[in-house]
Amino acid sequence: MYLALLASALLVGTLLAVQASVNLQLNRAVGTPYGASTLQLSVAAGLLAVVAILTGSIGALGGIGDATWWHLLGGLASPLYITSGILLIPRLGAVTTVGLWVTGQMLASLVLDLGGLIGVKQVPLNLLIVLGAAAVVVGISVVVRGQNQAIKAGPGTATPADTRPALASQTGWLVLGVIAGGVLPVQGAVNAKLRADLGAPFAVALVSFIVAVLAIAIVLAVLVSTGKTPKPKFDGLKAMPWWGWLGGACAAAYVTVTFLLIPEIGAATTVAFTVTGQQLASAAIDQNGLFRLPRRKLTPARLAGVALLIAGSVLVQIAK
């Protein structure tokens with residue numbers, strides 16, 4: 001049974017990488033990343049509403065009025081994370097993008113743990129944490145450097161998007177990736193607070209995604225009205241492959257399964273296995289050009305960087 005739970009954590013980690021990749025099909029169909037994020041989050045919210053009804057958790061929403069207001073804001077992280085994937089993967093590749101997310105996740109979780117913030121139990125700094133954090137930083141540096149070398153090698157080893165600016169000149173995109181990953185542990189900590197208020201994990205997940213949909217819909221409306229992004233076009237959805245809709249299902253599954261796994265195998269083990277799943281799936285996507293993405297060869301250097309990211313993340317989680 002325990003091995004089955006570990007396998008589940010690994011699997012839902014792969015769903016995060018798959019989610020980010022298939023969402024690009026939504027983006028191509030509607031013509032704006034913000035419209036794609038709105039659709040994906042709406043699908044996830046709809047699926048979780050069905051789950052909440054079937055499990056009898058929907059009644060827990062009646063306790064929202066008694067919840068502390070900021071406990072309802074965990075969903076704000078989802079639009080940033082999802083939209084960043086749509087923007088970054090075509091530019092940086094799945095491995096680099098997920099590597100930046102993992103780096104952000106690790107750094108943010110360390111801040112929460114070492115500071116005892118947002119109700120997270122405080123842990124003391126120790127050698128394993130230092131070694132794990134160093135491995136993650138070195139790992140993402142190796143991955144980014146490997147991507148730069150692929151760019152310099154020419155079109156045979158890099159995508160057309162890669163041949164424009166080198167990653168070293170795309171500091172803004174790199175920072176976005178780290179921030180987008182960093183909001184996930186914060187979201188988890190805030191949602192844990194809401195779970196204490198409502199008592200039902202499916203209801204918490206539903207609230208989180210409803211807030212996410214409202215937030216990204218407001219952003220989309222503002223950007224469309226100011227001419228910063230085109231108005232979504234829905235005709236293209238007819239030609240989109242069926243798996244382009246899987247992003248919402250992946251998001252809903254990830255939130256639901258992690259809520260259920262953490263009490264059973266612990267937060268540290270859950271995070272370590274989901275991060276490993278993210279890295280393995282992103283490597284497969286890049287190497288094989290899955291989901292209609294350009295192939296990006298996984299050189300020994302980039303594979304070494306991925307291994308360091310996984311090892312560092314596992315060390316940090318074990319040290320907690």
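User: Which helix gives the largest share of the nonpolar patch?
Analyst: This is a predicted model. In it, a surface patch of nonpolar residues is formed by Leu114, Leu125, Leu127, Leu128, Val130, Leu131 and Ile318, with about 650 Å² of accessible area together. The largest share, 4 residues, comes from the helix spanning residues 127-153, which is H5.

User: How many of the residues of H4 are buried?
Analyst: H4 has 22 residues and reaches 31 Å from first to last C-alpha, close to the expected 32 Å. Just after this helix, Gly116 takes a positive phi of about 60 degrees. H4 itself is mostly covered, the number of buried residues out of 22 being 18.

User: Why is H1 described as largely enclosed by the rest of the structure?
Analyst: H1 has 29 residues and reaches 42 Å from its first C-alpha to its last, close to the 42 Å expected. Gly31 follows H1 and has a positive phi, near 85 degrees. A residue is buried when its relative accessible area is under 20%. H1 is largely enclosed because, of its 29 residues, the number buried is 21.

User: With which residues is Leu41 in contact, leaving aside neighbours within four places in sequence?
Analyst: Once neighbours within four places in sequence are set aside, its contacts are Ser78, Pro79, Ile82, Phe209, Ala212, Val213 and Ile216.

User: Is Ser84 buried or exposed?
Analyst: Ser84 lies in helix H3, residues 77-92. Leaving aside neighbours within four places in sequence, Ser84 is in contact with Trp101, Leu176 and Ala180. Its relative accessibility is 1%, so Ser84 counts as buried.

User: How many Å apart in space are Leu246 and Ala20, C-alpha to C-alpha?
Analyst: Leu246 is found in helix H8, residues 246-265, and is partly exposed because its relative accessible area is 30%. In sequence, Leu246 and Ala20 are 226 residues apart. In space, the C-alpha to C-alpha value for Leu246 and Ala20 is 9.9 Å.

User: What is the relative accessible area of Phe291?
Analyst: Phe291 has a positive phi of about 55 degrees although it is not a glycine. Its place is in the loop between helix H9 (267-288) and helix H10 (300-319). Phe291 is partly exposed because its relative accessible area is 21%.

User: Is Arg292 buried or exposed?
Analyst: Arg292 is placed in the loop between H9 and H10. Although not a glycine, Arg292 has a positive phi of about 65 degrees. The limit for an exposed residue is over 50%. With a relative accessibility of 56%, Arg292 therefore counts as exposed.

Conventions: Residues numbered from 1 in each chain as written. Predicted model: local features only at pLDDT ≥ 70, side-chain atom pairs only at ≥ 80, totals over all residues. Heavy atoms only, no water. Patch = residues over 30% accessible without salt bridge, like charges linked within 9 Å, V, L, I, M, F, W, Y side chains within 5 Å. Areas by Shrake-Rupley, 256 points an atom, 1.4 Å probe, with all protein chains shown as cover. Salt bridge = Lys/Arg side-chain N within 4 Å of Asp/Glu carboxyl O. Helix = DSSP H or I, 4+ residues; strand = E, 2+ residues; numbered from the N terminus. Expected span 1.5 Å × (residues − 1). Buried < 20%, exposed > 50% of the residue type's maximum accessible area, 1.4 Å probe, protein only. Contact = heavy atoms within 4.5 Å.
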